[in-house]
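Subject: Structure handover

Hello,

Here is the structure I promised you. Please look it over, then read my notes below.

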Amino acid sequence: MITLSRRITALNRGLFACAKWLIYAIVLLMLWEVLSRYVLSSPTSWAPELATLIFGPFFLLGGPYLLHLGGHVAVDVASAKATGRLAVGLKLIGLVLAAVFGAILLWFSVPLVMQSFSYGETSYSAWNPIIWPAKAFLPLSAVLLMLQALAEAIDVLFEPEAV
């Protein structure tokens with residue numbers, strides 16, 4: 001079980017390591033837009049929209065690994081002072097809530113992505129790109145979040161001294 005936990009965490013760490021580089025693409029796109037608009041007097045319609053479409057995967061792929069790092073917003077009033085079984089119980093409750101959130105996100109996002117794909121949905125802007133690939137990161141990140149919650153629960157149950 002610990003091996004499964006390590007593999008899930010390694011997957012999310014790897015995706016996070018790749019996704020963090022997307023911020024540079026976003027910065028370059030916005031820089032190009034500013035230069036095009038103010039220096040060349042020729043603003044683009046695609047650069048800000050592409051930056052927005054890239055921001056979704058950047059944000060969503062970081063969430064599951066952030067759960068491993070403990071970087072999500074948490075109310076530590078009770079859990080900061082908890083020890084032993086109470087600390088383990090509180091940690092597990094938080095992980096169940098994270099998994100439930102992932103399940104709800106998955107439940108509602110899959111039909112949206114499928115509908116977007118089947119309609120060939122576009123952004124209806126001047127550039128008009130298809131947007132289902134960006135939307136597809138919602139269910140993917142939901143699955144990754146649920147897997148990471150499972151990995152963390154395995155760690156808590158099999159290595160409770162680390163809590």
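For the charge count, Lys and Arg are taken as positive and Asp and Glu as negative, with His and the chain ends left out. On that basis the protein has 9 positive and 8 negative side chains. The centres of the two sets lie 4 Å apart. Bear in mind that this is a predicted model.

Fold first. The protein has six helices and zero strands. From the N terminus, the elements read α-α-α-α-α-α.

Next, overall dimensions. The radius of gyration is 20 Å, whereas a compact globule of 163 residues would have one near 15 Å. Along the principal axes, the C-alpha atoms fill a box of roughly 65 × 35 × 30 Å. Of the 163 residues, 29% count as buried. The accessible surface is about 10300 Å², and carbon and sulfur atoms account for 74% of it. Among contacts between residues at least 6 apart in sequence, 73% join residues at least 24 apart.

The largest nonpolar core has eight residues: Leu67, Val88, Leu95, Ala98, Leu145, Ala149, Ala153 and Val156. Helix 6 gives the most, with four residues.

What does Leu145 touch, leaving aside its neighbours within four places in sequence? Leu145 is in contact with Gly63, Pro64, Leu67, Ala98, Phe101 and Gly102.

There is also a second, separate core of five residues. Among them are Ile26, Leu29, Ala47 and Ala51.

Best wishes

Methods. Residues numbered from 1 in each chain as written. Predicted model: local features only at pLDDT ≥ 70, side-chain atom pairs only at ≥ 80, totals over all residues. Heavy atoms only, no water. Core = buried A, V, L, I, M, F, W, Y, C linked by side-chain atoms within 4.5 Å. Buried < 20%, exposed > 50% of the residue type's maximum accessible area, 1.4 Å probe, protein only. Helix = DSSP H or I, 4+ residues; strand = E, 2+ residues; numbered from the N terminus. Contact = heavy atoms within 4.5 Å. Rg over C-alpha atoms; globule rule 2.2 N^0.38 Å. Areas by Shrake-Rupley, 256 points an atom, 1.4 Å probe, with all protein chains shown as cover. Charge placed at Lys NZ, Arg CZ, Asp CG, Glu CD.
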